[in-house]
Amino acid sequence: MGAAAILFISSPLVAQKKVERKIPLGMEGALRIVNMVGSVVVHGWNKDTVMVRGTLGPGDTFFMGGGYTGAKMFVESANDRDPKPTRLEVWVPARARVWVKTASASIDVSDVTGGLDLYTVSGAIDVTGNPHELNAEAIDGDIHINGSPPWVRAKSASGTIVFQGASSDAAFSTVSGAVKVDGGVFERTKIETVTGNINFSGQLDRSGAFDFDTHSGSIDIAIPEKTPASFSVATIAGAITNTLSKTSPIPGRFGRGAELTTDVSGGGAKVSVRAFKGQVTIRRTK
Amino acid sequence: MTHEVIRHLLDDYVTGELTEDARGPVADHIAACEICRAEVESLKEILARAAELPKSIDPPADAWLNIRAAIERDKSAIATEHTQLERFWRRPYVLAAAVVLVAVLSSGGTALYMNSRDHDANSARATATNQGTESTPASLAAFTIEENTYLRNVAVLQDVLDQQEASLAPETVARLKASLHTIDEAIFEARNALARDPANKMLIEMLSGTYRQKVDLLRRTTEMTRGS
Amino acid sequence: MKTSAVASDTIGPLPSTIGEEKAAALDSIRRAQSGDVDAFELLYSEHSGRIYALCLRLKAGDTSDATELMQDVFVRAWRRLSTFRGECAFASWLHRLAVNTMLENARTDNRRNARVLPMDDTSRLAGAARSSGVELKMDIENAIATLPKGARLAFVLHDVEGYQHQEIAEQLGVSVGTVKAQLHRARRLLRERLER
């Protein structure tokens, strides 16, 4: 069994075709990448060239074309019903606007400072660096962002969203996936889930606005000491735990739920928390 | 430039896309070369005839009827929405909840709904007809239109998704259905709570937000699976 | 796309000023966007001839395919009407939608291949050409229908409909070089076939 396994690995039945291409693309050009299955890895660099190296799935064809302001590459599958993985690794001018679409292929982007539009159904999205604008959407893929895009939107239905960094305009949305934010300074943040748990640990700009909405996920908000903030928390059927101030939650009508309005360190950042049910906790970062 | 090279430039020459530098030599060559001259003439003729083709041709008379029928099917999704939804998701309790909501609102919840905080442009409310925001009991009709717009968006999108389901992996379809089911359960719970506490502005806002999430998820999925 | 006014074969009442015409068009669009099917029918009457002509040529003269495609386009237009924001002319928006719809349908529908009209079967296009009233044009319509798919798309979009190379490349998802090559091929083939 062992010998047979080694034999299989060392002599693939179908040779995989390699691809290597380069085309010029302006430093702020637009690039579109479509690869349904496999992986797409993108690196930003400081040349006005797009370079791609890849390994195509058997029977797949690779297309690339375009001009100095905009280019496109895509992979066409030999059999749409059973697409084989193609791995693409792409270098793009760092300030480019990159648009990627996959079905299950993972998307990995680093060092791009331009704009990113990343769409996948079930692939994982991983972004490192500080794109100027980042829009990441998945259906059941996880999204992981490690950086500080000033403007970011991330949506997944059943995937999780993890954000480590800072942002001045951030919105994260899931249905059942958890949202975990662990980072720096935020100005405007909107996080909503239906049943996913929300964990937020970060610094709030004192003139900022923060919205947390869930139906039944738990919400845990942790802010550093001496953060001026004004909290407005309400839940229809859940519970509120407040260790930031001495204010106690007021029980809701019908004996369920609770409401809490409290200022911390004199008040400042507006934080609104709405939960239908589930546990809401507001506390200091440990 | 040789004749062989110039032959490949004739198209661009005729359509005026040659650079300044090239035009001269090409024109000179054409004047002296019978083959190229003939080719240029026939190219010009083809382009002239192409440009003269009728830009408009009457379609068959019954085409509009078919289009109208399809549109009416979309619209009647409001009245018979349970057929559309059940066909795919089998959730009869959604219709029941809608009935509850309409009953609740006829008792005065409308005013609160209409005055409540606006959500972003993706809100189903924003896509509804532009009704005034002044609230009177008569605006129950206005709210019903918005609710119906939401249901229509959902029905149309689910129809589209229906057709595209084949292009998604089975696990993804299962997880997507699970997500939509999760949202529907949340909607159902919120509506029941609203029935018991119709004056609850926050509940209405939460409900509106959850509707929006559903429409957004359906829209995103249909766009993503549409094809590159 | 060509922006010059194109004389349509259907003549309706002409508004006295361009401003009025634009306002009337926008009004129909807005009403259709709020669900008025009759307003949408007005839009259909105004634009269907143009769209049908495009569909017919994209579908190599096959009237039933072209009709189906056109119907598809208008139903999609109805569903997506709210996404039209007036950033371009409605006709252009519709036109683009038609090309996109054709490409998407072609991708998902592998049963139907692009049908090549046999050289001696002029019946399908005869009706279309007759509405223009000039027998001579029947030749080139048929000839276009016999072109291989890529060449036909490039020719119809560029030389008949007036799109630019870059626009066509974007819509078809190919390079500008490919578009030019297909155009070149289309014109050569047409020349051969028309000179027979």
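Which helix of chain C has an axis that comes within 12 Å of the axis of helix 5 of chain B, and at what angle do the two cross? The points below take this up, after a word on the model.

1. **Ground rules.** This is a predicted model, in which local features need pLDDT of at least 70 and side-chain atom pairs count only at pLDDT 80 or more, while totals for chains, interfaces and linings use all residues. Residues are numbered from 1 along each chain as its sequence is written, and chains are lettered from A and ligands numbered from 1 in the order in which they are written.

2. **The crossing.** The partner is helix 2 of chain C, residues 37-58. Its axis and that of helix 5 of chain B cross at roughly 145°. Axes here are lines fitted to C-alpha atoms, for helices over the stretch in contact, and angles run from 0 to 180 degrees between N-to-C directions. The crossing is right-handed. Helix 5 of chain B brings B:Trp64, B:Ile67, B:Arg68 and B:Ile71 to the contact. Helix 2 of chain C brings C:Val37, C:Glu41 and C:Tyr44. By class, five of these residues are nonpolar, none is polar and two are charged. Nonpolar covers Ala, Val, Leu, Ile, Met, Phe, Trp, Tyr, Cys and Pro; charged covers Asp, Glu, Lys and Arg; the others, Gly among them, are polar.

3. **Chain B against chain C.** Here 28 residues of chain B are in contact with 37 residues of chain C. Contact means that C-beta atoms, placed from the backbone, lie within 7 Å. Helix 4 (34-52) and helix 5 (63-75) of chain B each supply at least two residues of this side. Helix 5 gives the most, with eight residues. The side of chain B that touches chain C has 15 nonpolar, six polar and seven charged residues. Helices (H or I, at least four residues) and strands (E, at least two) are DSSP runs, numbered from the N terminus.

4. **Chain B against chain A.** On this side, 26 residues of chain B are in contact with 27 residues of chain A. Helix 10 (170-196) and helix 11 (201-224) of chain B each supply at least two residues. Helix 10 gives the most, with 11 residues. The classes are 13 nonpolar, nine polar and four charged.

5. **The cores.** The largest nonpolar core has 100 residues. Such a core is a set of buried Ala, Val, Leu, Ile, Met, Phe, Trp, Tyr and Cys residues joined through C-beta atoms within 7 Å. A residue is buried if 20 or more other C-beta atoms lie within 10 Å of its own, exposed if 12 or fewer, and partly exposed in between. A:Val92 and B:Ala190 have the most contacts inside this core. Helix 11 of chain B gives the largest share, nine residues. Leaving aside neighbours within four places in sequence, B:Ala190 is in contact with A:Phe276, B:Leu203, B:Met206, B:Leu207 and B:Thr210. Another core lies apart, with 51 residues, among them C:Leu153, C:Ala154, C:Phe155 and C:Leu183.

6. **Helix 3 of chain B.** In this helix, residues 20-32, B:Val26, B:His29 and B:Ile30 are buried. Seen down the axis, the buried residues fall within an arc of 100°, so they line one face. The arc is that of the directions from the helix axis to the C-beta atoms. The face turned away from the buried side carries exposed residues, including B:Glu20, B:Asp21 and B:Asp28. Cover for the buried residues includes helix 1 (3-7), helix 2 (10-14) and helix 4 of chain B.

7. **Chains A and C.** Chain A has one helix and 25 strands, and 47% of its 286 residues count as buried. Chain C has nine helices and zero strands. Buried residues make up 35% of the 196 residues in chain C.

8. **A:Val100.** This residue is in strand 8 (residues 97-101) of chain A. A:Val100 is buried, with 25 other C-beta atoms within 10 Å. A:Val40 is 60 residues away in sequence, yet 8.3 Å away in space, C-alpha to C-alpha.

9. **Two backbone points to check.** A:Ser265 has a positive phi of about 50° although it is not a glycine. A:Ser265 lies in the loop between strand 23 (258-264) and strand 24 (269-275) of chain A. C:Ala60, also not a glycine, has a positive phi of about 55°. With 23 C-beta neighbours inside 10 Å, C:Ala60 counts as buried.

Terms used
Two residues are in contact if their C-beta atoms, placed from the backbone, lie within 7 Å. A crossing is left-handed if the near helix is turned anticlockwise from the far one by less than a right angle, and right-handed if clockwise.
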